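Reader: Hi! Could you walk me through this one? I'd like to go through the fold and then a few residues.

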Amino acid sequence: MTESAPESVSEAEERPSRGLAVGAVSVAAVSFSLAVLTWLAWLLVRPRLLMSGVYPLVAEVFVLVLGALWFLALLAGVLAVVLGRLGGGKRPGGELARTGSLVGGLTVLVALAGTIAFTVSPGLMPAYGDVGRPLNSILKE
């Protein structure tokens, strides 16, 4: 009777964890959607908002929120990769965990590209020209 208990433990260790696999796929899908939608907002809305010059403070807050969303998507992508690996992504029968890990890795790449674009993007001053002012000059007054 004591010999059967270790066998069941070893069988449980070899089987992929269904809960972690579902968690990996869920987190990966949500974080990938977040990263792609953040890219769309960055590419479509940001140039119009920056060139309008009407609301410089709103534009700067919008850009900062987008930057924070990329960092959030990056962390969620890493979480999906970790959950996928823990859920049995390398074991036989762990296709769901492997899918979560792969989509999480793709999310990390998309969010990392967005994070780099946010970090090295030109400041707001060239976009405004003489129409608007950057947030630093507004806050100093």
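Author: Happy to! Read along the sequence, the chain follows the pattern α-α-α-α-α-α. Helices (H or I, at least four residues) and strands (E, at least two) are DSSP runs, numbered from the N terminus. This is a predicted model, where local features need pLDDT of at least 70, side-chain atom pairs count only at pLDDT 80 or more, and totals for chains, interfaces and linings use all residues. Residues are numbered from 1 along each chain as its sequence is written, and side-chain values use heavy atoms, with hydrogens and water left out.

Reader: Thanks! How many helices and strands does the secondary structure come to?

Author: The chain has 6 helices and 0 strands.

Reader: And what share of the residues counts as buried?

Author: Of the 141 residues, 33% are buried. Buried means under 20% relative accessible area, exposed is over 50%, and partly exposed is in between (1.4 Å probe, protein chains only).

Reader: Let's look at H4. What should helix H4 span, and what does the model show?

Author: Helix H4 covers residues 95-120, and its 26 residues should span 38 Å at 1.5 Å a residue. The expected span is 1.5 Å times one less than the number of residues. The end C-alpha atoms of H4 are 37 Å apart, which agrees.

Reader: Nice. Which residues in H4 are buried?

Author: Among them are Ala-97, Gly-100, Ser-101, Gly-104, Val-108, Ala-111, Gly-114 and Phe-118. Thr-107 is also in helix H4, and it counts as buried because its relative accessibility is 0%.

Reader: What does the side chain of Thr-107 reach?

Author: The side chain of Thr-107 reaches the backbone oxygen of Val-103, at 2.8 Å. That comes under polar contacts: a pair of N or O atoms within 3.5 Å, where within protein one must be able to donate a hydrogen and the other to accept it, and residues adjacent in sequence count only if both atoms are side-chain atoms.

Reader: Is Gly-105 buried or partly exposed?

Author: Gly-105, in helix H4, counts as partly exposed because its relative accessibility is 26%. Gly-105 and Leu-74 are 31 residues apart in sequence and 9.5 Å apart in space, C-alpha to C-alpha.

Reader: Over to H3, then. How far apart in space are Leu-66 and Phe-118?

Author: From C-alpha to C-alpha, Leu-66 and Phe-118 are 8.2 Å apart, though 52 residues apart in sequence. Leu-66 lies in helix H3 and counts as buried, at 4% relative accessibility.

Reader: And Leu-86, buried or exposed?

Author: Leu-86 is exposed, at 54% relative accessibility. The place of Leu-86 is in helix H3, residues 56-86. Leu-86 and Ser-17 are 7.8 Å apart in space, C-alpha to C-alpha, and 69 residues apart in sequence.

Reader: Changing topic: which residues form the aromatic cluster?

Author: Trp-39, Trp-42 and Trp-70 form one aromatic cluster. The count comes to 2 aromatic pairs. Rings of Phe, Tyr and Trp (its six-membered ring) pair if their centres lie within 6.5 Å; planes under 30 degrees apart count as stacked, over 60 as edge-to-face and the rest as tilted.

Reader: Great, that covers my list. Thanks!
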